[in-house]
Amino acid sequence: MYQFSKEQVMEPEFLTKLITHFKTTQVPRFRKLEKYYRVKNEILMRTMDEGKPNNRLAHGFAKYISSVC
């Protein structure tokens, strides 16, 4: 967790830096976690070479654990 002074938060450059950091690091992470929640895992998009088995398994554990707890 971050702690900032009131004066520091009021600076436009600082706010821009925080927003940029959020957009570049946190938003992609949240999108990936949402895909896990909706069982749209990356493995479902995987393609295999000809002749190899295309075994894929997706599970709804993220949805289950967030609903139960």
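This is a predicted model: local features need pLDDT of at least 70, side-chain atom pairs count only at pLDDT 80 or more; totals for chains, interfaces and linings use all residues.
1. Residues are numbered from 1 along each chain as its sequence is written, and side-chain values use heavy atoms, with hydrogens and water left out.

2. What does E34 pair with? E34 forms a salt bridge with R38, and the closest N and O atoms are 3.2 Å apart. A salt bridge means a side-chain nitrogen of Lys or Arg within 4 Å of a carboxyl oxygen of Asp or Glu. R38 counts as exposed, at 52% relative accessibility.

3. The structure holds two salt bridges. Besides the E34 and R38 pair, the side chains of K52 and D49 meet in one, at 3.9 Å from N to O. K52 is partly exposed at 48% relative accessibility, while D49 is exposed at 53%. Side chains of opposite charge can pair when their charged atoms come close.

4. Now to the rings: the structure holds three aromatic pairs. The rings of F4 and F14 have centres 4.8 Å apart and planes at 70 degrees, so this pair is edge-to-face. Rings of Phe, Tyr and Trp (its six-membered ring) pair if their centres lie within 6.5 Å; planes under 30 degrees apart count as stacked, over 60 as edge-to-face and the rest as tilted.

5. Where do the two partners sit? F4 lies in the segment before α1 and F14 in helix α2 (residues 12-37), so their pair ties together parts that are 10 residues apart in sequence. Helices are DSSP runs (H or I, at least four residues), numbered from the N terminus. F14 is buried at 14% relative accessibility, whereas F4 is partly exposed at 35%.

6. Another of the aromatic pairs joins F61 and Y64, with ring centres 6.3 Å apart and planes at 35 degrees, so it is tilted. Both residues lie in helix α3 (residues 61-68), three residues apart, about one turn of the helix. F61 is partly exposed, with a relative accessible area of 48%.

Key
Buried means under 20% relative accessible area, exposed over 50%, partly exposed in between (1.4 Å probe, protein chains only). Helices (H or I, at least four residues) and strands (E, at least two) are DSSP runs, numbered from the N terminus.
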